[in-house]
Amino acid sequence: MDFANAIVALLNFVFVPATAYGAQLALGALGVTLIYSILRFSNFAHGDTMAFGTMVAILFTWGFQSLGISAGPLPTALLALPFAIAVTAGFVLGTDRVVYRFYRRQRAAPAIYIIVSLGVMFIMNGLVRLIIGVKDIDFADGGRFLISAGEFKERTGLAEGLAIKSTAAVTVVCAFIVMAWLFWFLQNTRTGKSMRAFSDNEDLALLSGINPDRVVRVTWVIAAGLATIAGVLYGLDKGFKPFVYFQLLLPIFASAVVGGLGSPKGAVAGGFIIAYSEVLVTYAWKKVLGYLLPDSMMPDGLAQLLGTDYKFAVSFAILIIVLLFRPTGLFKGKSV
Amino acid sequence: MAEPFLIGENMTGGYGGADILHDCTIAVDPGQIAVIVGPNGAGKSTAMKAVFGMLRLRGGSVRLDGEDITALSPQDRVAKGMGFVPQTHNIFTSMTVEENLEMGAFLRHDDIGNTIAQVYDLFPILKTKRNQPAGELSGGQRQQVAVGRALMTQPRVLMLDEPTAGVSPIVMDELFDRIIEIARTGISILMVEQNARQALEIADRGYVLVQGANRFTDTGAALMADDEVRRTFLGGQ
């Protein structure tokens with residue numbers, strides 16, 4: 001019984017939250033990796049693109065709520081998602097037209113692009129704070145729990161409860177659908193193949209008659225879609241706060257680099273690796289150990305390797321280790 | 001003499017700065033193989049790129065089937081029926097052989113199945129490796145993919161920049177055989193070659209360039225028979 005309780009505690013406090021967080025990171029990292037491989041720069045504005053998209057989704061959600069439109073047990077934000085993606089895609093295409101295109105025509109060095117994207121990041125950051133403010137916003141509605149802790153205890157008779165928030169379930173399902181669609185799109189459609197060809201060998205893609213402007217546009221739209229979805233799912237799960245999204249940039253880049261920059265498979269794997277590492281290292285193991293170890297061997301403290309305040313240190317440490325020992329990442333991306 | 005099918009006439013120009021080509025003329029007729037040979041730095045590849053529109057000409061013109069295409073971009077020339085195989089980076093390494101061929105036909109909106117089948121007939125090894133990433137193939141096979149990709153637009157002229165660079169002599173002979181086969185279907189071939197002797201053997205027309213200008217122009221066989229060409233460019237005998 002103790003062992004079962006330990007497993008349930010582990011599922012409840014590690015597996016479920018880490019899987020949801022990993023799916024969010026994976027979606028973010030996919031956007032970063034797509035832009036890196038096709039537009040050939042590290043887009044530091046991606047975190048704030050997520051914030052912008054989420055902000056638009058929240059505004060639409062409020063609009064729907066005031067009109068009395070809801071999605072039943074699902075969060076209303078899912079209904080707002082398509083509109084938010086459209087607005088964000090429009091904004092990002094505008095940014096490309098006004099800012100990035102100039103540097104693309106100059107064939108600017110990647111370092112210049114990074115600084116340019118930093119500038120875009122600050123503008124977006126300011127815009128979001130100006131429009132929606134800096135406070136924490138909880139916009140999740142609909143059903144709270146898929147399985148609640150009390151219900152679980154009652155059914156199984158275990159002391160430990162397993163709660164699955166509906167937002168976590170929605171996150172994982174959405175992320176899975178989006179990833180499956182993206183891989184199918186890149187692998188099987190004419191446009192997807194032309195994007196891969198452009199990423200692989202730009203000159204030869206031009207010689208083959210692939211229209212570079214179209215590839216760039218499609219890439220931005222997909223990246224904006226991924227950013228908005230990732231942002232909304234993260235916000236549903238943990239609440240929306242612009243500054244947190246800005247900070248998410250680090251674990252997202254760490255995910256993309258761990259998996260191998262430019263490799264979509266790597267971005268997904270990297271997202272889960274970073275999420276699990278972060279959660280495992282900052283989890284207080286006292287409870288699980290309490291079920292497994294005899295009293296005499298119980299540790300005095302919380303058995304927590306790092307406080308949650310240090311969770312970013314985990315991404316940083318993994319990032320540095322990967323860059324030192326395997327710069328191309330797990331799936332042989334481009335080295336940084 | 002009738003106007004050749006493709007001609008770069010009196011081409012003068014370079015990559016900005018000093019001219020590399022000086023009044024250089026290159027031409028090829030349907031079903032013929034024209035080969036550009038010459039010492040290192042003679043402007044062989046530059047002449048080819050000039051014909052394909054990859055550098056701006058200060059003088060001269062390029063005409064395809066009587067039409068002046070001097071002002072067209074390389075992409076537009078592909079649409080006009082010119083295929084180009086660059087010397088390096090000429091395949092999509094991360095994509096499968098078949099995807100490489102599909103990308104070659106990106107401009108076409110009709111059924112490309114027949115053309116793919118023709119490429120596989122020409123290069124049977126590609127059919128067996130169709131689902132393998134092109135980057136995992138050997139040097140000779142990669143060149144086959146590169147040529148196959150260029151053939152996918154069903155070009156009237158195929159331009160090859162040193163197709164045999166870095167492949168073994170056996171593979172080189174094999175590639176030359178395939179090139180002759182392609183020419184027999186009525187496609188004009190214009191190629192730059194380092195292996196001058198072997199290339200001139202299969203050439204209907206040979207151009208010996210020196211310092212960006214035509215030095216000798218004749219049939220391949222005549223150039224091989226020419227004492228001076230042999231002595232100065234083909235190494236002895």
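This is a predicted model: local features need pLDDT of at least 70, side-chain atom pairs count only at pLDDT 80 or more; totals for chains, interfaces and linings use all residues.
**Entry 1: where the chains meet**

I began with the interface. I found 13 residues of chain A in contact with 17 residues of chain B. On the chain A side, I asked which elements give two or more residues. They are helix 7 (190–200) and helix 8 (202–207) of chain A. Helix 7 of chain A gives the most, with five residues. I then sorted this side of chain A by class. It has five nonpolar, four polar and four charged residues.

**Entry 2: helix 3 of chain B**

Next I looked up helix 3 of chain B, residues 97–104. I noted that eight of its eight residues are buried. The buried set includes V97(B), L101(B) and M103(B). E98(B), E99(B) and E102(B) are also among the buried residues. What do these residues pack against? One partner comes from the other chain: helix 7 of chain A. The others are helix 4 (113–122), helix 5 (124–128) and helix 6 (139–151) of chain B.

**Entry 3: strand 8 of chain B**

I moved to strand 8 of chain B, residues 188–192. Five of its five residues are buried. In a regular strand, side chains alternate between the two faces of the sheet. I checked each face here. S188(B), L190(B) and V192(B) lie on one side, I189(B) and M191(B) on the other, and all are buried.

Then I looked for its partner strands. Strand 3 (residues 33–37) of chain B is joined to strand 8 of chain B by four bridges, and the two run parallel. Within this pair, A34(B) stands opposite L190(B). Strand 7 (residues 157–161) of chain B is joined to strand 8 by five bridges, again running parallel. There, V157(B) has S188(B) as its bridge partner. I followed the chain from strand 7 of chain B through helix 7 (residues 169–184) of chain B to strand 8. This β-α-β crossover is right-handed.

**Entry 4: the largest nonpolar core**

I looked up the largest nonpolar core, which has 164 residues. Which members touch the most other members? They are A26(A), A34(B), A47(B), M159(B), I189(B) and L190(B).

**Entry 5: the antiparallel sheet of chain B**

Chain B also has an open sheet of four strands in the order 2-1-4-5, with antiparallel pairing. Strand 2 (21–28) and strand 5 (67–68) of chain B stand at the edges. Each has a single partner strand, so one side of each is left without a neighbour in the sheet. Six bridges join strand 1 (residues 6–13) to strand 4 (residues 57–64) of chain B. I7(B) stands opposite R63(B) in strand 4 of chain B. I also noted helix 1 (residues 44–52) of chain B, which lies across strand 1, strand 2 and strand 4 of chain B. Helix 1 runs at about 70 degrees to strand 2 of chain B.

**Entry 6: L236(A)**

Is L236(A) buried or exposed? I count 29 other C-beta atoms within 10 Å. The cut-off for buried is 20 or more, so L236(A) is buried. Not counting residues up to four places away in sequence, L236(A) touches P75(A), A77(A), A140(A), T167(A) and V170(A). I also checked L248(A), twelve residues from L236(A) along the chain. Their C-alpha atoms are separated by 15 Å.

Technical notes:
Residues are numbered from 1 along each chain as its sequence is written. Chains are lettered from A and ligands numbered from 1 in the order in which they are written. Two residues are in contact if their C-beta atoms, placed from the backbone, lie within 7 Å. Ala, Val, Leu, Ile, Met, Phe, Trp, Tyr, Cys and Pro count as nonpolar, Asp, Glu, Lys and Arg as charged, and the others, Gly among them, as polar. A residue is buried if 20 or more other C-beta atoms lie within 10 Å of its own, exposed if 12 or fewer, and partly exposed in between; C-beta atoms are placed from the backbone. Two strands pair if DSSP finds at least two bridges between them. A crossover is right-handed if, with the strands pointing away from the viewer, the path from the first strand over the helix to the second runs clockwise. A nonpolar core is a set of buried Ala, Val, Leu, Ile, Met, Phe, Trp, Tyr and Cys residues joined through C-beta atoms within 7 Å. Axes are lines fitted to C-alpha atoms, for helices over the stretch in contact, and angles run from 0 to 180 degrees between N-to-C directions.
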